[in-house]
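Biologist: I would like each label in this model tied to its criterion. Please take the terms one at a time.

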There are 2 protein chains.
Amino acid sequence: MTSTRFESIRELPLFAEMTEESFDILTRGAYVQNFPPNMVMITEGEAADFLHIVQSGCVELFSSWTNRETSVTTLYANSTFILAATMKDRVNLMSARTLQKSRIIMIPSENVRDVFASDPAFALAIVDELARCYRATIRNMKNLKLRTSIERLANYILKQHHRQGDAVAYQLPIEKRRLASYLGMTPENLSRAFNNLKPHGVVVDGQTITITDMTKLTAFAKPDVLID
Amino acid sequence: MTSTRFESIRELPLFAEMTEESFDILTRGAYVQNFPPNMVMITEGEAADFLHIVQSGCVELFSSWTNRETSVTTLYANSTFILAATMKDRVNLMSARTLQKSRIIMIPSENVRDVFASDPAFALAIVDELARCYRATIRNMKNLKLRTSIERLANYILKQHHRQGDAVAYQLPIEKRRLASYLGMTPENLSRAFNNLKPHGVVVDGQTITITDMTKLTAFAKPDVLID
DNA sequence: TCACCTGCTTGATAAATGTCAAGCCAGACC
DNA sequence: GGTCTGGCTTGACATTTATCAAGCAGGTGA
């Protein structure tokens with residue numbers, strides 16, 4: 001049984017509904033790999049030979065042009081990446097690096113395309129995941145084009161607050177310099193943006209964010225279900 | 001035969017490979033509608049009841065937040081839109097307006113989801129289209145985050161040049177104020193950006209763009225297959 | 001314990017981009 | 001032909017954001 005090694009992902013939405021046979025075919029030739037922190041595992045422009053799934057740890061997708069670099073997103077356990085390039089059999093548009101020691105499952109892209117064609121439940125799950133990622137990217141772009149950097153930060157702080165169980169104080173999940181890049185600004189500018197949010201009810205101490213006045217912060221951030 | 005009204009889209013990649021029966025089911029309850037120019041046909045936040053296809057004319061997808069608005073993309077004949085929201089049965093994240101008199105085919109979202117589940121060829125076409133749009137959006141975001149507005153304009157000029165058959169001079173396909181919004185800048189700034197490109201081999205006269213020095217322009221724009 | 005990283009912050013300054021106001025100009029319409 | 005309109009352009013200025021340089025601080029390892 002090849003699949004026993006991959007039981008941990010069997011319950012993920014992407015794989016939960018497919019037949020046992022399909023899952024076997026899918027995981028044939030798949031393998032698990034451990035990466036140390038800060039390791040570039042995928043470089044943009046390379047062929048997408050494997051669908052990747054974060055089993056544990058943390059992966060950043062980023063992209064470069066000339067001498068500039070930008071963080072696109074950060075992925076945690078149970079996230080998939082390289083799905084679109086896998087399905088279209090094209091090169092990756094983004095690079096990927098580990099931020100922590102990470103365990104990654106790699107499934108041959110060919111298997112994914114084969115099973116997509118033969119297992120309707122898997123096809124549905126793939127399209128669902130793809131549409132979800134697409135919509136997340138549209139939201140991201142709206143965020144970038146419609147808001148200033150301070151507004152983006154304010155909304156990020158609110159979103160994290162909800163993700164971390166509505167605690168008044170919480171820890172930033174990533175380094176500030178990566179957050180800055182994700183939000184489309186420089187680290188210096190992020191520092192100043194945090195200061196600018198003080199009168200709007202946010203206090204920062206190291207990695208700890210404390211929302212001192214939710215009403216003020218929400219009034220300033222104006223979160224929107226169609227962006228955030 | 002319901003489908004005769006929709007023969008014009010039968011040959012599109014999205015519908016070409018599906019069975020005749022599936023196409024019949026898909027177009028049941030579908031209809032064609034004519035819109036005048038500058039008509040908002042879809043408002044973000046509304047349910048995505050129909051998959052839309054531009055049969056003729058021109059449609060702009062755009063988005064708003066507070067009192068700001070941004071152009072996301074412009075679609076011409078044979079383009080589909082609202083595909084991701086249709087597949088996930090969610091609200092639209094973008095609004096759509098006609099830029100010219102346009103003829104739009106509308107297919108009930110329910111039909112799309114039903115046929116997706118029953119016709120593997122259609123499923124494959126859907127996932128292909130979705131992945132294509134997703135990747136286009138990633139490119140768009142990289143363009144926005146990694147380049148200045150002048151660099152974005154330079155690359156836009158190069159891309160249009162190729163699209164319009166490598167002619168030395170060509171007409172801008174959209175109004176400058178919409179181009180400005182698409183590129184993430186103000187109309188005033190676009191005007192100045194055109195002026196800034198003069199020493200890099202671009203002359204503008206109204207809607208006409210003339211590339212006077214391709215070498216210089218390319219050297220400045222540094223187009224990249226992973227963005228453009 | 002201390003030195004030394006590395007990432008963060010702050011200040012000074014520059015560059016990019018946006019805003020406001022005015023004028024220009026081509027096309028639409030009477 | 002003349003007027004009007006809307007989009008485009010230009011100038012002056014404000015704001016936002018980036019850059020450069022320096023200093024700070026918390027964690028790591030000798």
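Biologist: What makes H9(A) the element that gives the most to the surface near DNA strand C?

Modeller: H9(A) supplies 4 residues to that surface. A residue is near a strand if one of its heavy atoms lies within 4 Å of it, and helices (H or I, at least four residues) and strands (E, at least two) are DSSP runs, numbered from the N terminus. This is a predicted model, where local features need pLDDT of at least 70, side-chain atom pairs count only at pLDDT 80 or more, and totals for chains, interfaces and linings use all residues. Residues are numbered from 1 along each chain as written, chains are lettered from A and ligands numbered from 1 in the order written, and side-chain values use heavy atoms, leaving out hydrogens and water.

Biologist: Why is the pair between A:Lys176 and a phosphate oxygen of DNA strand C called a polar contact?

Modeller: A polar contact is a pair of N or O atoms within 3.5 Å. An N or O atom in the side chain of A:Lys176 is 2.7 Å from a phosphate oxygen of DNA strand C, so the pair qualifies. A polar side-chain atom of A:Ser191 also lies 2.7 Å from a phosphate oxygen, while the side chain of A:Arg192 has an N or O atom 3.1 Å from a base nitrogen.

Biologist: How many residues does each chain bring to the contact between chain A and chain B?

Modeller: Chain A gives 54 residues and chain B gives 54, where contact means heavy atoms within 4.5 Å. The buried area, which is the accessible area (1.4 Å probe) that two parts lose on being put together, summed over both, is about 4700 Å², with 73% from carbon and sulfur atoms. On the chain A side, A:Trp65, A:Leu93 and A:Arg135 lose the most area to chain B, together 18% of what that side buries.

Biologist: What share of the atoms of DNA strand C within 4 Å of the protein belongs to sugar or phosphate?

Modeller: The share is 71%, and the rest of those atoms belong to bases.

Methods
Polar contact = N/O pair within 3.5 Å; in protein donor to acceptor, adjacent residues only side chain to side chain.
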